[in-house]
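Keep the sequence and the model open side by side.

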Amino acid sequence: MRRLLGLLLVFAGCTFALYVLSTRLPRAQRRGSPEEPEGRLLWFPSDLAELRELSEVLREYRKEHQAYVFLLFCSAYLYKQGFAIPGSSFLNVLAGALFGPWLGLVLCCILTSVGATCCYLLSSIFGKQLVVSYFPDKVALLQRKVEENRNSLFFFLLFLRLFPMTPNWFLNLSAPILNIPIVQFFFSVLIGLIPYNFICVQTGSILSTLTSLDALFSWETVFKLLAIALVALFPGTLIKKFSQKHLQMNEPSNTNLINSRKDT
């Protein structure tokens, strides 16, 4: 009970800090709409329409307060990752729209790794009993597979991260229970989610630069879409290679572990 109370206090504190950060925006100097001044409430996007609207607001605001938008984005991303809240894919797309394809990719890879590690630590301190109580079968299955692949644990973690349907939130929560070293955990997230982050960030970059349907057929856009398609094929190739050379993945019940969306 103490650990649950401690987790709730940490969550409440982080939520309050993010709320203050998103509502106490520095006043813009440019003339804009009446909704621009200090005190406007920002939000987490839940669909593409909200994502586009939020992107436009932040891109305009970023012209004068670049550091503040950067801080706000990083805080929101770590909040979602740290507490295993779904919807990080929208933030990946937003990163591409705000920061461009390459800076956005680097930023998302770092934030994904740091945020997942925060979730790892929170689970280790507060949530082990809760995870085992609510997901006993999944924890037991994953524990068995981790032990079978202990000699090639890093490849096994990469396999799980590269697989498109792996529930990353569950891996983050259960990793300390399975005695996965935090260093291996961090770098498996950093490397294993590069293709997924790349696809999302590039999508955001393309959406932010489209001004008409004609722009969709420009050579630059075509090459970006081709790059996304090639990267999307990359995880499947690696998964096949790792599973054949390094992993013990022959048990049919493994499908129960990967029956969720790949949203962190």
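Does Thr-117 count as buried or exposed, and at what relative accessibility? Thr-117 counts as buried, because its relative accessibility is 12%. Buried means under 20% relative accessible area, exposed means over 50%, and partly exposed lies in between, with a 1.4 Å probe and protein chains only.

A word on the source. This is a predicted model, in which local features need pLDDT of at least 70 and side-chain atom pairs count only at pLDDT 80 or more, while totals for chains, interfaces and linings use all residues. Residues are numbered from 1 along each chain as its sequence is written, and side-chain values use heavy atoms, with hydrogens and water left out.

Now place Thr-117. It sits in helix α5. Setting aside neighbours within four places in sequence, Thr-117 is in contact (heavy atoms within 4.5 Å) with Ile-182, Phe-185 and Phe-186. Leu-173 lies 56 residues from Thr-117 along the chain, yet their C-alpha atoms are separated by 9.6 Å.

Step back to the chain. It has 11 helices and 0 strands. Both are DSSP runs numbered from the N terminus: helices are H or I with at least four residues, strands E with at least two. Of the 264 residues, 45% count as buried. Among contacts with a separation of 6 or more, 79% join residues 24 or more positions apart.

Start at helix α1, residues 2–23. Its 22 residues should span 32 Å at 1.5 Å a residue, and the end C-alpha atoms are 32 Å apart, so the two agree. The expected span is 1.5 Å times one less than the number of residues. The buried residues of α1 are Gly-6, Leu-18, Leu-21, Ser-22 and Thr-23. Their cover includes α3 (66–82) and α5 (101–134).

Next, a helix pair. The axes of α7 (residues 153–162) and α9 (residues 182–192) come within 9 Å and cross at roughly 40 degrees. That makes α7 oblique to α9. Axes are lines fitted to C-alpha atoms, for helices over the stretch in contact, with angles from 0 to 180 degrees between N-to-C directions. Under 35 degrees is roughly parallel, over 145 roughly antiparallel, 65 to 115 roughly perpendicular, and the rest oblique.

Which residues make the contact? From α7 come Leu-153, Phe-154, Leu-157, Leu-158, Arg-161 and Leu-162. From α9 come Gln-184, Phe-185, Phe-187, Ser-188, Val-189, Ile-191 and Gly-192.
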